[in-house]
Amino acid sequence: MATPRSTFSNKFGFVAAAAGSAVGLGNIWKFPFEVGKGGGSAFLIIYLIFTFVLCYPILVTEIAIGRRSQKSAAMAFKPLGHPKWTFVGIIGVICGVLILSFYNIVAGWVLGYFVEMLLGNFEIGEHFDTYVTDIAEISGYTLAFLLATAYIVSQGITKGIEKASKILMPSLLVIMLILTAYAMMLDGAGAGVAFYLIPDFSKIDLNVIYRALGQSFFSLSLGLGALITYGSYLSRKEDIVSSGIMITFADAGIAFLAGLMIFPFVFSEGIEPEGGAGLIFMTMPGIFKTMGPTLGVVIGSLFFLLLAFAALTSTISLLELPVSYMVDKHKIKRKWAVWYSAGIIFLLGIPSMVGFGYSDFFTNFITYVGRTEPVNFMDFVTDIASNTLLPFGGFLVSVFAIHIWKRRKLFRELSHGNPGFTRSWLAKYISFTLTYISPPVLGAIFIITILEVFFGVKII
Ligand code: TRP
């Protein structure tokens with residue numbers, strides 16, 4: 001007899017795990033440099049609009065699909081009676097593996113920096129460019145991080161994923177609040193906060209919109225079925241609608257806080273805010289140095305520990321995608337699925353790892369017609385997997401929910417745990433967005449960006 005599917009113990013367990021998946025390097029590492037590149041507040045505003053207006057309805061839909069089907073992303077469409085849609089889940093699994101392959105490298109840097117801070121090596125910030133070419137060291141840290149992720153996922157839902165998230169998420173919030181308070185008291189804080197919060201609408205162009213949309217999806221872990229998978233472990237007693245609100249607020253809130261924490265630091269150091277992937281790695285150690293040897297070591301290592309925590313609750317959700325697929329589809333043991341996927345992900349990460357100067361080929365990997373300079377392998381995967389395919393996944397999920405699965409069934413699922421839902425204004429809002437807003441907006445942005453970003457066809 002099949003064993004019953006494991007479930008999160010309660011709503012808090014689920015919200016901690018899903019918010020843990022959402023809050024990650026995307027919020028604290030990626031968000032600030034995207035804001036920096038996108039002209040500060042202009043990016044912030046568009047990101048917030050996308051997150052609350054467009055992404056929240058898709059988020060609850062993914063969770064509902066998962067809970068209804070009781071299956072992971074790639075297997076979820078069949079039990080709902082639409083096996084042809086399985087391809088959406090399969091693209092999701094592949095996309096998740098690709099994202100994890102590079103995400104894990106950044107997590108490796110974080111772990112490395114944590115150790116350097118403990119050792120009081122604050123000069124590391126000036127040597128970021130050479131540090132990331134030290135492949136022996138980076139691959140060691142990357143492997144260590146992947147092993148930690150694999151271990152947690154191999155422990156299963158309640159004892160692994162849920163337990164880790166319940167401890168890591170609250171600790172992260174506490175460390176972050178301490179650092180933000182400290183940042184606010186710095187000399188350059190005013191200029192940083194102004195850059196971050198005073199809107200300059202002239203900075204908004206297609207590229208900013210495209211990246212802000214990708215960021216919203218990436219940050220909420222949306223568009224590739226990670227939340228379908230988590231939803232499949234959620235009990236019918238729990239309310240998806242209010243859990244979704246908490247997850248969205250937690251994610252956007254932590255990203256917002258990360259900006260408040262980083263920009264005062266960036267400006268007080270006199271660093272260019274559009275520093276790219278290295279931004280926090282180059283900025284932060286110098287700041288910790290100014291705190292003096294003892295305090296610097298404490299705050300510096302806390303900061304990178306916080307980042308490692310945030311990354312870990314996200315990597316587990318990414319690894320869960322291929323793992324649950326293999327367990328559901330091929331009925332293999334969870335442990336084997338974990339180690340097998342982890343091995344493949346490590347190998348796939350190598351091009352990203354050497355793409356920061358070690359290998360010229362992967363550093364100047366590709367030039368698309370729409371780009372002026374060659375991008376490295378990690379940026380290439382980000383453009384394809386997260387900026388393009390995630391919003392496209394959101395498009396497919398919206399179309400599926402309204403036209404194939406049908407609104408009635410979606411609403412019935414959302415009413416479990418929230419009996420008054422169908423009559424609420426939120427129901428009207430979710431239905432309106434999924435029907436009239438997300439398909440045309442996401443579809444149009446998908447086509448325009450493919451043409452403009454990858455083929456250089458000027459449309460707007
Ligand atoms: N949301 C995570 C972050 O912000 C990254 C992440 C975890 C993710 N799981 C995902 C992104 C699934 C897309 C899909 O760091």
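Begin by selecting helices α4 and α12, where α4 passes α12 in a right-handed crossing; a crossing is right-handed if the near helix is turned clockwise from the far one by less than a right angle, and left-handed if anticlockwise. Helices (H or I, at least four residues) are DSSP runs, numbered from the N terminus. The model is a predicted one, in which local features need pLDDT of at least 70 and side-chain atom pairs count only at pLDDT 80 or more, while totals for chains, interfaces and linings use all residues. Residues are numbered from 1 along each chain as its sequence is written, and side-chain values use heavy atoms, with hydrogens and water left out.

Helix α4 covers residues 86-118 and helix α12 residues 279-290; they pack at about 15°, with their axes 12 Å apart. Axes are lines fitted to C-alpha atoms, for helices over the stretch in contact, and angles run from 0 to 180 degrees between N-to-C directions. The angle therefore makes α4 roughly parallel to α12 (under 35 degrees is roughly parallel, over 145 roughly antiparallel, 65 to 115 roughly perpendicular, and the rest oblique). Display V106, W109, V110, Y113 and M117 of α4 with F281, P285 and F288 of α12, which make the contact (heavy atoms within 4.5 Å). By class, this contact has eight nonpolar, no polar and no charged residues. Ala, Val, Leu, Ile, Met, Phe, Trp, Tyr, Cys and Pro count as nonpolar, Asp, Glu, Lys and Arg as charged, and the others, Gly among them, as polar.

Next, select α2 (residues 25-37) and α11 (residues 240-269), whose axes are 9 Å apart at an angle of about 65°. The two helices are therefore roughly perpendicular to each other, and their crossing is right-handed. On α2 the contact is made by N27, I28, F31, P32, V35 and G36; on α11, by D251, I254, A255, F256, A258, M261, I262 and F263. These residues divide into 11 nonpolar, two polar and one charged.

In total, 16 residues surround the ligand (a heavy atom within 4 Å), and the closest are A22, G26, Y103, F218 and S317.

Finally, turn to α9 (residues 206-219) and α17 (residues 425-455), whose axes come within 11 Å and cross at roughly 120°. That angle makes α9 oblique to α17, and the crossing is left-handed.
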